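Trainee: Could you show me how to read the interfaces in a model?

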2 protein chains.
Amino acid sequence: MAKHIDPYSSELFSDYSKIMKDFGIEHFQSEMFPDLNRLMRRGVVFGGRDLKRISECILDKKPYYVLSGIMPTAQKIHLGTKMVVEQIRYFQEHGAETYILVADMEAAAARGIDLTDARKNALDFHIPAYIALGLDPKKTTFYFQSDNREVLMLAYEFAQKITLNEFKAVYGSADPGRILSALTQVGDILFPQLKKRMPGIIPVGIDQDPHIRLTRDVVARTKSKYGFVPPSSIYHRYMPSLDGKQKMSKSRPDSFIELPEEIKSVEKKIKKAITGGRDTLQEHRRLGADIEKDMVYELLKIHLIEDDAELRAITEDYTAGRLLSGEVKQLAIQKASEFMRHFENKINEARKQKDLKFIRF
Amino acid sequence: MAKHIDPYSSELFSDYSKIMKDFGIEHFQSEMFPDLNRLMRRGVVFGGRDLKRISECILDKKPYYVLSGIMPTAQKIHLGTKMVVEQIRYFQEHGAETYILVADMEAAAARGIDLTDARKNALDFHIPAYIALGLDPKKTTFYFQSDNREVLMLAYEFAQKITLNEFKAVYGSADPGRILSALTQVGDILFPQLKKRMPGIIPVGIDQDPHIRLTRDVVARTKSKYGFVPPSSIYHRYMPSLDGKQKMSKSRPDSFIELPEEIKSVEKKIKKAITGGRDTLQEHRRLGADIEKDMVYELLKIHLIEDDAELRAITEDYTAGRLLSGEVKQLAIQKASEFMRHFENKINEARKQKDLKFIRF
């Protein structure tokens with residue numbers, strides 16, 4: 001049995017079902033949710049915790065919240081972040097109060113970004129980008145972590161409730177920096193409930209499950225004082241890297257596509273990406289593409305093709321050998337270019353947005 | 001060799017010189033400082049770190065600061081806190097910029113006091129009490145820890161610089177609550193240097209030395225980024241408890257005197273206190289009192305008699321057997337009553353003080 005999940009590792013989980021079994025993570029049951037989004041329909045969203053609680057809120061129109069954080073280290077995000085935003089958007093469109101915190105404190109303290117720059121990055125780029133990707137600024141509450149005394153107070157208080165060994169059991173290690181960062185995240189996750197106890201959902205990659213577990217432990221331990229509702233979580237798998245190796249990694253810039261990114265550069269990366277095309281044309285026509293290994297197909301499926309019928313047609317043609325890898329790459333380049341142009345337009349529009357719901361403390 | 005000092009223990013150190021040797025703490029050399037105060041003259045102040053740096057600031061009139069914290073858990077302090085205030089006052093009167101932080105965050109998070117009550121306690125009681133004990137409010141900068149984002153940012157950043165094992169080496173243990181609390185203290189200690197790098201002195205009991213060492217370690221590790229001056233510290237020994245057992249303890253209310261405290265109650269405690277009087281009058285007259293074991297004599301020496309000649313006369317008469325324990329107790333009761341009345345007057349005056357130098361962030 002896996003002893004712990006390390007949210008700070010760059011490893012990509014190869015066996016999600018084992019991890020899920022070991023840590024008691026539920027399978028995502030699509031019949032519980034209405035109007036599934038692309039990620040839900042296509043098995044990218046695969047699991048979570050306490051999802052029924054959220055499903056009930058949606059179906060019974062009861063209050064709940066969705067929460068996520070922005071790490072404002074640079075004025076760009078990668079496609080993994082786009083998935084998170086799409087998940088937030090789904091819940092926002094299904095009645096969730098939406099909280100987006102800017103982790104300026106962690107960016108400044110742990111990643112060496114000046115606090116002023118961290119805030120500038122968030123205001124100039126991340127918040128407009130999240131809006132460009134579909135969040136409704138009128139329905140979204142943003143705040144800066146470093147402004148939020150209540151979160152810091154919670155973190156401070158929760159520190160008293162967790163022993164070092166419990167921390168190690170969840171995270172595998174326990175350096176002071178991680179402890180502070182994790183406890184601040186727990187504070188952020190529970191902060192919306194200070195005003196009103198209600199279910200909440202946190203859409204993250206499964207590698208962030210330790211933070212969810214820690215939060216749920218803290219909720220159990222502070223029950224008599226706070227009576228927080230244990231937060232639910234919903235997990236999506238990561239987009240594997242274009243070069244077919246593990247998770248996308250900053251150390252291998254060709255392994256991932258950023259937002260924004262020059263179309264030329266995207267084109268180059270897609271052209272170099274690993275596909276499931278066969279060694280010869282003849283073989284390809286006979287066997288069809290091995291789409292399981294095809295990163296360009298993944299890119300289309302996860303990010304670039306919204307319409308299910310369109311994806312189905314491509315899948316059929318590609319696995320039947322009627323479509324070649326080069327053609328699929330061309331299609332991906334065209335779709336990615338359209339997406340990039342669309343994103344640029346939308347983010348410029350969003351930058352003009354003046355009426356953000358920003359908590360200033 | 002003692003492996004570590006535990007600032008969270010209620011143990012009283014019996015052998016200061018061993019602790020000092022083990023941890024490289026300097027002896028207090030009274031010739032380095034002008035106009036010694038009562039605690040310095042009488043060996044209550046006995047050690048420190050980097051005291052020469054502070055001595056030079058005083059003699060050369062160079063900028064430096066003195067810093068201390070208020071723990072606003074209840075509207076009273078004990079006499080140990082009075083010693084700290086007297087030390088702060090000494091440095092304030094010798095040119096130090098004075099910073100007093102209110103540890104409302106720690107009071108709320110770790111000691112279960114409501115944040116509003118913590119602030120109220122500080123404003124209604126502790127700050128007036130510190131002024132009553134001699135601090136000049138016009139020369140003292142107060143702030144609430146929970147308001148001070150810069151301190152919290154520093155704590156967050158410093159957490160990245162210390163490993164768990166290093167933390168354990170300093171403190172002996174490392175629970176998340178202690179880590180957060182200690183790092184916040186490090187942030188507080190260095191905060192005045194954010195505006196201006198300068199020496200600083202922290203007057204504390206020796207049991208707080210681990211915080212000073214941690215701070216000095218952090219200063220060394222952040223040298224290239226911050227270039228903080230390592231803080232100096234000055235240590236006083238604790239007043240032993242009136243019942244002759246270890247440190248004063250909240251679990252034994254007769255063991256210590258509080259500020260404020262009803263005169264009746266003080267009288268009762270002094271009457272019950274352990275003295276160095278002999279078993280019979282005859283023996284006492286012959287041998288004189290054993291003042292080393294006499295808690296009432298300690299109380300007079302440390303707190304109640306300012307004038308050296310007056311103390312000398314009492315010491316001579318008591319050790320020669322001319323003064324009896326009962327008489328010394330009577331004297332202590334009279335002096336303590338005067339002090340309590342004086343303190344009450346002064347604190348009421350201080351409560352009218354409107355022009356506090358309070359940083360609001």
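Here is a short talk about two interfaces.

Mentor: Ground rules first: this is a predicted model, where local features need pLDDT of at least 70, side-chain atom pairs count only at pLDDT 80 or more, and totals for chains, interfaces and linings use all residues. Side-chain values use heavy atoms, without hydrogens and water, residues are numbered from 1 along each chain as its sequence is written, and chains are lettered from A and ligands numbered from 1 in the order written.

Trainee: How many residues of chain A are in contact with chain B?

Mentor: Contact means heavy atoms within 4.5 Å. Here, 30 residues of chain A touch 30 residues of chain B.

Trainee: And how much area do the chains bury between them?

Mentor: Buried area is the accessible area (1.4 Å probe) that two parts lose on being put together, summed over both. Chains A and B bury about 2,700 Å², 72% of it on carbon and sulfur atoms.

Trainee: How many salt bridges cross that interface?

Mentor: A salt bridge puts a side-chain nitrogen of Lys or Arg within 4 Å of a carboxyl oxygen of Asp or Glu. The rule finds two between chain A and chain B; one links A:Asp147 and B:Arg149 at 3.0 Å, N to O.

Trainee: What about the domains of chain A?

Mentor: An automatic or database domain assignment sets the bounds: domain 1 is 16–238 and domain 2 is 253–347. Between these two domains of chain A, about 1,700 Å² is buried, with 58% from carbon and sulfur atoms. The count there is six salt bridges. A:Glu298 and A:Arg237 also meet in a salt bridge, at 3.2 Å, N to O.
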